[in-house]
Amino acid sequence: MGGCCGSSEQEVNKFEKGSSTDISKGPLANRGCTDIICLAIFLVHLAGFVAVTFSGVQDGNPRKLYAPRDYQGAYCGVAENWNGGPDLEKTESLAYTMNLSATVDNAAKQMMCSSGAESVLRNVENFDILGYRCACCKDPCLGCEGSYGVADLANPSDIAATITARMNELTTGAADFFNPSGMNGDMFNNIWAEATKYFNEVCLPDCVNAINGPRNRTVTYSPAPDDPLYTTWQALLASGNEDIVNTMQTSFTFSALNADVCPYEASKCVPMPGVDLADLHGGYCQFSLTAGALDAVGGAAGQALEASGMFEIRNATSSSLGTALGDIQSTLSVLVIVCFIAVVVGMVYLVFFRFFIGVMIWFAIFLMLLLLIAGGAFCIVKSTQCEGATLLESGQQMGVAVAITAGTAASNAVTGTDASEGLSGIGKDYCGVQQRTQSGKLCMNWADSPNTFDGLNTTCHSGSGTSELSRNYCRNPYEASTIWCYTTESTPDAPRWELCQPIGVIAPKCQRGYSVEGQSARDVVKISGFIIWALAVLWIILVCCMYRRIALAVAINKVAAVFIMEQPFILLLPVIQSLISLVWILLWTLSATFLVSQVPDNYTPKDAYATYEEAYGTEEVPGKCTDKWPTGFVWKDDDCGSLIDPKCWKCAPPRYVAGPHDMRFLYSFFSLLWNNALIIAFGQFIIAGAVAIWFFTPRSRGKRSVGTVKTATWWAFRYHWGSLCLGAFIIALVQFIRYCMKYLEKQGQAQKNYVMVVIMRVTQCCIWCFEKCLKFLNKNAYIQMALLGTNFCTSAKNAFTLIGRNFLRFGAIAMLGWFTHLIGYLFIAAATAVIGYFLLQAMYPEANPVAPMIIYICVGYVVGQLYMNIFGLAVDTCLQCFIAVEEMGGEPEDNSQKFVPNALTNFVKQIPTPPEEDKAKE
């Protein structure tokens, strides 16, 4: 029995007949409990997880993960919000009101920065006129990229007329506000292209009625105290100019919703004129236009505007975890159907997989060779690609040159001729026998060409008795860049003439430069191509040298396929695993939502900051609000009030936290990893045990009739639960460390510490590689455990030595397995996602498909991984079983006791008989 690896079991080196490792009659049935203390520790850990869950339920609020949030981060429908935020218990819908600062900004700047306003301000005592001109970008000053694009108003009377007309469309709700020919036509496109800028997100009791509720409050616009034009606004108010002062006091006054409907400052509760709201889902509202606005812009244009505005708002919120969870929650029925479909797709794929396994393996080998050849060709062609030419054109020219060179060399070898292909300068002296252009088109005889050529080189082929004019060799009678000829192509779009290159020149010099700049860079690309081709040659040699091992791998894959065919109940294992995993993940997710929603009160600073850069940060400097992960967001309080040192930028907390802020979450997360690894370990052991029992069952008894899955499941739960817990714990621990490194990487990104980010990424890569090695070793240890009944540590040692003795065989299996498994993952995931998308569109056409589709792909991938694990484990177990047969000297002589599957019998016959058996026969 023993503790975790505390047993005194003897280490096993090889399988031997007549010893404790003789499994010629099947996996050892005389077993005992292994690593029982590890099972006790696991059960105590589960009790701790339950305690952590109950602790989180008392304080957490999962609704914060998906509930709508207003512009300052307060949750709709929640009474107590962070940092003394508003009581929004009775306002559960996220609606959109006018952002006064952004909407009025254009009209206010047109008024304050006009020539009429400047003439008034020059008469204001002690007014900083130079600062004013900089704030209006009338002069090239720091912070200005150009002058404001607003029409100038020459005098106060023009200001009163124009600004009053523009503001009336905003304050009275005139439909002309959306008419491109109205006074605010220049804002028409901007508002809908940047909906998140011109609207405030506020919580209202509902979407439809509240926005049109009573408006007994008023608010008069004024720039925020930190706005460079704030002092200009105050100076104009105090200027005494009747036209300007009256305009500012009357035209910039808005009516706002009552506080019982909109529990915010009046400046945040001004409805946008011409805009109505409609219910979307999950407490979110969507845009719609009033009848007057629709008449002003037309029905079709109005629908397009509604869609564009909602699209902008959706883009701004789609990245939030809460919205994603809301989309998933609202389409949960589709997710359930997709889970079932993924299981069906996996079953169908795995059943048909056995018919094509041999073809797929040899196809994978051939495809790898093609990839290496194509990769080398790509690099070599890329190194000679001319600027402006496509890669296909360059490859075609190179292919034509190679074909012509080879054909000419063969012809010369037969005829004994040896024409000179020398070329200097632009080719005036060329006397070669090239008859085709760079693209492979046949040249026309010069005598048949549309022009006569007095400058044709007639010194070539002297004494041959044939005039140059009667030949179709490439020449350069004109001042072209190199030799050329007329083509025999007769189609209208065919080129009349083309350049040639001498036979033997594979890559001509590019007249306009190369696609890859620099000779050294081109040399590196070309050498890389030859290296890849060398790898292709090595690949061929490797396949030839390992032909027998590859043939063994093919046979073992066929045996694994036969196992699945004869033991179809094994296909239910991933279904059960999927259901158990789904239930566990749902329970864990429910538990985790209570934990991660508990954002500490002091997690986010409550101070206000003078600038956006100070609050949010820059590319090099972290912001006060965003210097840790998970990060919240930054918002501006336009009513910050202070005039001397205005600080209007404030922080909003994130929806969730994950990390050392709450050790309960770390415990819960490790529990997730441990249980996930344990579910996989149980599946691997049961498959290994089932395959081993089936493999060693005599053919005369009928392998189909053996209850392999039932026996293997009994072994797993009765004898080896503790060992499986130990193996899963090791994997979970390594994964937990890797995720901790990921968390530190996120912290480095938030703190702009890019050196730390790189270090954490490299560390994660190393840990990931180590994790893959451990998973491979664990899988083979579970097979040893199924065969011999040993504890985890002994099984791991045995597996390690077995792999060392047969590393080429394991390498061949691994080399071929990754390709077949990849096809399975991709097929099941893709088929599941496609079917899920069409179901989602049919059942919930209004839902945002991004988050659900991600979940569907993940479901398909997980199910695909579970199904392909059956085949992969069957292959690995069959390999170990074959090695055991080989080390034990083959199968029994008695035909009634022969058990090796038919696909492997030829390999078993080639196993040499042990010397002791030869002596016994003698």
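In which helix does Thr384 lie? Thr384 belongs to helix α14, which covers residues 357-384; helices (H or I, at least four residues) and strands (E, at least two) are DSSP runs, numbered from the N terminus. The structure is a predicted model, in which local features need pLDDT of at least 70 and side-chain atom pairs count only at pLDDT 80 or more, while totals for chains, interfaces and linings use all residues. Residues are numbered from 1 along each chain as its sequence is written, and side-chain values use heavy atoms, with hydrogens and water left out.

With a relative accessible area of 13%, Thr384 is buried; buried means under 20% relative accessible area, exposed over 50%, and partly exposed in between (1.4 Å probe, protein chains only). Apart from residues up to four places away in sequence, Thr384 touches Met398, Ala507, Cys510 and Tyr514, where contact means heavy atoms within 4.5 Å.

The protein chain contains 28 helices and 10 strands. Of its 922 residues, 48% count as buried. Among contacts in the protein chain with a separation of 6 or more, 75% are between residues 24 or more positions apart.

Strand β1 (residues 93-98) has 6 of its 6 residues buried, so this strand is largely enclosed by the rest of the structure. Strands β1 and β2 (residues 199-204) run antiparallel and are joined by 6 bridges; two strands pair if DSSP finds at least two bridges between them. Ser93 has Leu204 of β2 as its bridge partner.

Helix α1 (residues 36-59) packs against helix α20 (residues 663-695) at an angle of about 135°, with the axes 10 Å apart. Axes are lines fitted to C-alpha atoms, for helices over the stretch in contact, and angles run from 0 to 180 degrees between N-to-C directions. The angle makes α1 oblique to α20, since angles under 35 degrees count as roughly parallel, over 145 as roughly antiparallel, 65 to 115 as roughly perpendicular and the rest as oblique. Residues making the contact include Phe42 and Phe49 of α1 and Tyr667 and Trp674 of α20. By class, this contact of α1 with α20 has 9 nonpolar, 7 polar and 2 charged residues; Ala, Val, Leu, Ile, Met, Phe, Trp, Tyr, Cys and Pro count as nonpolar, Asp, Glu, Lys and Arg as charged, and the others, Gly among them, as polar.

The axes of helix α8 (residues 230-237) and helix α9 (residues 242-251) cross at roughly 115° and come within 9 Å. Trp233, Leu236 and Leu237 of α8 meet Ile244, Val245, Met248 and Gln249 of α9 in this contact, which has 6 nonpolar, 1 polar and no charged residues.
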